[in-house]
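Good morning, and thank you for coming. I would like to take you through one model, beginning with the overall fold and ending at a single residue.

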Amino acid sequence: MEVPVVNWMQKLVLYETKARFYIVGSNKIETRFRVLKIDRTEPRDLVIQDDKVEYSRTEIRSVLSMIDGGNKSKRAAQGSSGLSKTTSAFGIAGFVRFLEGPYIILITKRKKAALIGPHTIYKIEDTSMLYIPNDTVRYVHPDESRYVRMFQNVDLSSNFYFSYSYDLTHNLQYNLAKTQRPTQGPIPPPDSFNKQKLSFWESSSDEDISKPGGFPKHSEDICFSDFVSKEASFSPSSTYGPSADKSSGGIEMVCGIRQKPTRKFVWNNHLLKNFENRVHHDWIHYIIHGFIGQSNVGVYGKSIYLTLIGRRSNEFAGTRFLKRGANCEGAVANEIETEQIVQDMSVTFFAHSKVSSYSQLRGSVPLFWSQDLNKMGPKPPITLDQRDPYATAAGLHFNQILKRYGAPVVILNLVKTRERKRHESILSEEFVESINYLNQFLPPAHAIQYIGFDMARVTKRLFPLFTEKNADVMMRLARIARYCLKQTGFYLYVPSRQADYLLKDEQLKVLQGHWSKNGCRQTGVVRTNCVDCLDRTNTAQFAIGRCALAYQLYALGVLETTHLDFDTDCVKMLEELYEDHGDTLALQYGGSQLVHRIKGYRKIAPWTSHSRDIMQTLSRYYSNTFSDVEKQQTFNLFLGVFEPVEGQPNLWELPTDFYLHNPLTMGKILLPRPSYSQWWDRKVYECLPLPYDEVSKNEDEHLEVTMVPLSSENVNLFFEFYRPSDLTVFEDLYQFFMSHATRKFMPKGATDFSPFRVRESPEPSEKVG
């Protein structure tokens, strides 16, 4: 049986001497330890040593005592301390260097953001950035302080997430897909049995402190009470049952898997650049940026968790007017994968639970286009910077989508098509031409499907005629959403008996997808865009999410039909999640919250919302005009798009960053393209309609594959989730303050406690128009 490897090292303490930093990592109950040694005498480069060995409590106490004694004994007359504690942390975000020496970024504060099955997702609340070289060797550069300030403008405490056991860079469907085993070779055992521990510490002090004869006699001199608590035993319960393999003298064994992340969603890629391949995997944390929100639908006391995850791509990332369209590698601006997960929390662990997810995508129109910021105004003119008759950028982009999601790809284009003066329609016309060209070389079953919906025009046309009987924008989007869902299906994992029953269900037979003995896999994705991919796109994604939620709840046995009405507690909860999702992404890309909200398109927004919309418009205009350039430079520095080099122009001296985001124009890379007709990779094409990433998921695609005992903390999700050794206060429990439909959305005095009951809709007098 395969299970995800849990990163057990969740407590870090940073100790320092004049010559070195020592980072001691431990598990929650402080019975297992690792040590990382960082040299502070090197003024420029990062020098890290990791013996990749686990230590017991006694051994780590002796090692630290040895270091403390070796650094204290020869300097006691000068009043020098040996080993001092600097700070505590929950993980290492990475290392960065500008023009002087390297810095270390530590995660010093975290909070629970979501629960996905037995996995806990954390939001970073605070970080600490420490300069590594000591003052005696520090090289001073006049521009260093400006780079540091620019780097720190990326607030790591704002919408950055990580997990010790769950791969946030992949969707749930990929994470639960089984690994394809090769026929040759056994799975190796874990590498934690190396006992050559003390040789690593032979030069661990400022001077040579190694002595023959093992540990020093003064091993109790150092005060370790601030790090090591009372002795605790570790004997977690078995959580996987009889499905584990039995070997090694009757010991139950499982296959521990540590997946490779999707690099485009890892926002600390650059920070891990000189660190990741030199240390054990337990030190590494892959951090995503975007949005994570979770609520409890609560169906008559039964917990149904609704989770929304927005993964922001780090490729061609930037601000609203400075990053438009696509670059030469097919990466588009403001690309975000939105995943909607519904799970029945009656059973925590996936092997016996019922869970569903639906993924959709947003991103800028994949053409070479931009807007001229020199012409002041809220809507600068749109310019096609480069003719692309063979749809090179679009081809690369859609090849990546087919590789990750499979076919069909359904494009929902919300850009205007009819205008008095051509503005947005320039993009629509060129986009349609590109899709028509690409579709010539795909079979009809896997062709890119295009849906054009001029959302702004329909809103204005219906505005003076709106009545309850007259269909509004949301009703038209609902019809489009139902069609899209039928084309792609959704991911569903249920027990095999229930899957056999659902396969015969008339409501679910119409969905494409890919059915198996445990449910259904989503094949393909809906890609939504407008010009900014903010306001209109968020509303359309909510409409698709609402339709998907109805099918998800129906498949889980919660709803009787595949339809969810507006003005129910459940849909209000979903709407709030998508509003928060849209606000967060709009702030990151556009500089303000959403201007046009879901309530506005439903025509139930109060008149007072007009003043708020005006303020958000002004805020977005101000941000785009005066602060976006500096914000873009910050992104370029943080993501490693630009790396400072002494003697070369500084980041703020460059006239444009076009060449940084398009390395092909500088001849730095060459993109192989077989022909102008075969824009897709053959290996991707042969797997359609299934996504290549899932079909090719094998041991070579993982960072670590080992056979470990079932009782090992490395794979025991029961111990990770329930934490039997921790004292938990009820008021501090994450589930206690999670958003709940009954508490937050149910009207006072309601007699029907169903979250799917239609409540009273707003009075007509409250509607706009």
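Helices here are DSSP runs of H or I with at least four residues, and strands are runs of E with at least two, numbered from the N terminus. On that basis, the protein chain of this predicted model comes to 19 helices and 26 strands.

Let me turn to the chain as a whole. Of its 769 residues, 59% are buried. The protein chain exposes about 33100 Å², and carbon and sulfur atoms supply 52% of that area. Among contacts in the protein chain with a separation of 6 or more, 74% are between residues 24 or more positions apart.

Next, the cysteines. How many disulfides does the structure hold? The count is zero. Cys328 has 8% relative accessibility and Cys570 has 0%; each counts as buried because its value falls under 20%.

Is His289 buried or exposed? Its relative accessible area is 6%, and the limit for a buried residue is under 20%, so His289 is buried.

What surrounds it? Leaving aside neighbours within four places in sequence, His289 is in contact with Ser158, Asn159, Phe160, Trp267, Gly310, Arg311, Arg312 and Gln588. One of these, Asn159, also takes part in a polar contact: its backbone oxygen lies 2.8 Å from a polar atom of the His289 side chain.

Key. Residues numbered from 1 in each chain as written. Predicted model: local features only at pLDDT ≥ 70, side-chain atom pairs only at ≥ 80, totals over all residues. Heavy atoms only, no water. Disulfide = S-S within 2.5 Å. Buried < 20%, exposed > 50% of the residue type's maximum accessible area, 1.4 Å probe, protein only. Contact = heavy atoms within 4.5 Å. Areas by Shrake-Rupley, 256 points an atom, 1.4 Å probe, with all protein chains shown as cover. Polar contact = N/O pair within 3.5 Å; in protein donor to acceptor, adjacent residues only side chain to side chain.
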